[in-house]
Amino acid sequence: LEDFKIKDPEGAVKKLVVRLEDKIIELLDRLGKEGKNSFNLLAKTKPKMEIIVLFLAVLHLARDRKLKFEQKEKFGDIILEKEAEVAALEEQKNGN
């Protein structure tokens, strides 16, 4: 998406580049390996701007019906899971 400047723990300013396409690929890979995952767990150690782009990736994949998610309570954790059809197509493609 854009370049963002963040401070590391020592106070030095670093440039952070976060691309939506990269977060989509990362999210699909993680869900392909782990099945279900928690948004809070995925975002736990990431800077704010990366969390925002990760959330945009979730919305993008949900819109394209490649991902389903569930949030049981307001402001609660979001459980993410790759859609069964997408997972099956990827298994076929990989020869499993």
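**Salt bridges in the predicted model**

Glu50 pairs with Lys23 in a salt bridge whose closest N and O atoms sit 2.7 Å apart; the term covers a side-chain nitrogen of Lys or Arg within 4 Å of a carboxyl oxygen of Asp or Glu. Glu50 belongs to helix 3 (residues 48–63) and Lys23 to helix 1 (residues 20–34), so this pair ties together parts that are 27 residues apart in sequence. Helices here are DSSP runs (H or I, at least four residues), numbered from the N terminus. This is a predicted model, where local features need pLDDT of at least 70 and side-chain atom pairs count only at pLDDT 80 or more, while totals for chains, interfaces and linings use all residues. Residues are numbered from 1 along each chain as its sequence is written, and side-chain values use heavy atoms, with hydrogens and water left out.

Glu50 is buried, at 14% relative accessible area, and so is Lys23, at 6%; buried means under 20%, exposed over 50%, and partly exposed in between, with a 1.4 Å probe and protein chains only.

Glu34 and Arg30 are both in helix 1, four residues apart, or about one turn of the helix, and their closest N and O atoms are 3.2 Å apart in a salt bridge. Glu34 is partly exposed at 42%, as is Arg30 at 28%.

Arg19 and Asp22 make another salt bridge, with 3.5 Å between the closest N and O atoms. Arg19 is partly exposed at 39%, and Asp22 is partly exposed at 38%. The count comes to eight salt bridges.

Conventions: Helices (H or I, at least four residues) and strands (E, at least two) are DSSP runs, numbered from the N terminus.
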